[in-house]
Amino acid sequence: MRANYLFTSESVAEGHPDKVCDRISDEIVDLVYREAAKTGVNPWGVRIACETLATTNRVVIAGEVRLPPSLMKKDKEGKDVINPSKFKAAARRAIKDIGYEQDGFHWKKAKIDVLLHSQSADIAQGVDSAADQQGDEGAGDQGIMFGYACKETPDLMPAPIYYSHKILQLLAVARKKGDGEVAKLGPDAKSQVTVRYVDGKPSEATSIVLSTQHLDESWDSKKVRAVVEPYIREALGELKIADDCKWYINPTGKFVIGGPDGDAGLTGRKIIVDTYGGAAPHGGGAFSGKDTTKVDRSAAYAARYLAKNVVAAGLADRCTIQISYAIGVAQPLSIYVDLHGTGKVSEDQVEAAIRKNMDLSPSGIRRHLDLNKPIYAKTSAYGHFGRKAGRDGSFSWERTDLVKALKESVKA
């Protein structure tokens, strides 16, 4: 492990084109779970993989679904087909909440196409029929998922991504409140923070990058910095800003045309922003738009939950966990733990404790973390990890309620 180094992570705001798409896709996931609950449909049967494309005043929603009857209608031949109205309404509400009322991208004026269709029977068989063979639902796909936690921040997240997210969150809250000049910022923004580590611990910020859309065309980089700098300093909090810190605020000058009007967006293109900012591995799968039979999402949440509880239990200062799956197979093929030389116990002990204390089949994860709920729209920006667990069941994977059991297991 290196002791002294620089490390950088970036974040993007909820109005970034890709994040607009992530938000719409997760609103669709929430819509399906809500409609299932309202109409008495078993949420365990919900299936959705929703992809969104956004460009100038155009949104395309595509993917595979298994829907409750309330989201269907009869076509001219009397066949059940998807009713697009509620999906379009959910997308418009999301775009409005983000703040897009611009000529090139407007929540009311954008054309929205809904191209969802029924889930592949072959994929459905892999998930559903596995229960007949092994007593539990199978994974929705093959893949590897990673979880990570470290002692660098109160939420046990790496410092660079933690502070990059926080800058944009504070600016978004201030922008939406509409107080003063910060209200003239647009929804689209990107941040980046470089942190100097000394003796393996975050010491100071050595560079800060922020590019943010602004609605006043007369503003230049200097004016934007004057508006945003107080929020950046508040976000960094106890992290020192180096005396020679380099500030790059709207370094290209004006940033008036933003969002999907300035650059097309797609679901799932910001997976490193969604996780650990590059400080830990990523298995490759995106989260947004997927129900939790998809282990890309649910197993990544479980891996973060386990890694966070390992660190919170004092078993290590850093922890990386990898879990792997095969489509149609319930239990993971492998569980791998790396404590990065900081462990108070061995990796073998932690792996055994994990297997003992959590069922890592897709249905086991869904039960343990109570994931069959409309809780996903709020995950679509500012990271899926390092967030506060909510009373509505959101971010349940951020709880540290497994600490006692893990401690007892490694003693046994």
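Modeller: H340 is buried, with a relative accessible area of 18%. Please keep in mind that this is a predicted model.

Colleague: Thanks! What makes H340 buried rather than partly exposed?

Modeller: Buried means under 20% relative accessible area. H340 has 18%, so it is called buried.

Colleague: And where does H340 lie?

Modeller: H340 sits in the loop between strand 15 (334–338) and helix 9 (347–357). Its phi is positive, about 55°, although H340 is not a glycine.

Colleague: Which residues is L215 in contact with, leaving aside its neighbours within four places in sequence?

Modeller: Those are Q102, K184, L185 and G186. A contact needs heavy atoms within 4.5 Å. L215 itself is in the loop between strand 11 (201–214) and helix 6 (221–236).

Colleague: Now the empty space. How do you know where it is left?

Modeller: A probe the size of a water molecule is rolled over the atoms, and that shows where empty space is left. The count comes to two cavities of 30 Å³ or more.

Colleague: What makes a set of points a cavity and not a pocket?

Modeller: In a cavity the 1.4 Å probe fits but cannot get out, whereas a pocket is open. The largest cavity holds about 80 Å³. Its lining includes A13, L168, L185, G186, T212 and Y382. Helix 5 (159–177) and strand 10 (185–198) are the elements that give two or more residues to this lining.

Colleague: How does the lining of the largest cavity divide by residue class?

Modeller: Into eight nonpolar, two polar and one charged.

Colleague: And what lines the second largest cavity?

Modeller: Among its lining residues are I144, M145, F146, G283, G284, G285 and D296. The volume of this second largest cavity is about 60 Å³. Strand 9 gives the most to the lining, with three residues.

Colleague: What about the pockets? How much space lies in the largest pocket?

Modeller: About 400 Å³. It is lined by 18 residues, and the closest to its centre are Y5, E152, Y197, G200 and R318. Strand 1 (5–12), strand 9 (143–150) and strand 11 are the elements giving two or more residues to that lining. By class, the lining has nine nonpolar, two polar and seven charged residues.

Colleague: Which residues line the second largest pocket?

Modeller: They include D155, M157, H165, Y382, F385 and K388. The second largest pocket contains about 220 Å³ of space, and its lining divides into five nonpolar, three polar and four charged residues.

Key: Residues are numbered from 1 along each chain as its sequence is written. This is a predicted model: local features need pLDDT of at least 70, side-chain atom pairs count only at pLDDT 80 or more; totals for chains, interfaces and linings use all residues. Side-chain values use heavy atoms; hydrogens and water are left out. Helices (H or I, at least four residues) and strands (E, at least two) are DSSP runs, numbered from the N terminus. On a 1 Å grid over the protein atoms alone, a cavity is a set of points where a 1.4 Å probe fits but cannot get out, and a pocket is an open set with protein on both sides within 12 Å along at least five of seven lines; lining residues have an atom within 4 Å of a point. Grid points are joined across faces, edges and corners, and a volume is the space filled by probe spheres set on the points. Ala, Val, Leu, Ile, Met, Phe, Trp, Tyr, Cys and Pro count as nonpolar, Asp, Glu, Lys and Arg as charged, and the others, Gly among them, as polar. Buried means under 20% relative accessible area, exposed over 50%, partly exposed in between (1.4 Å probe, protein chains only).
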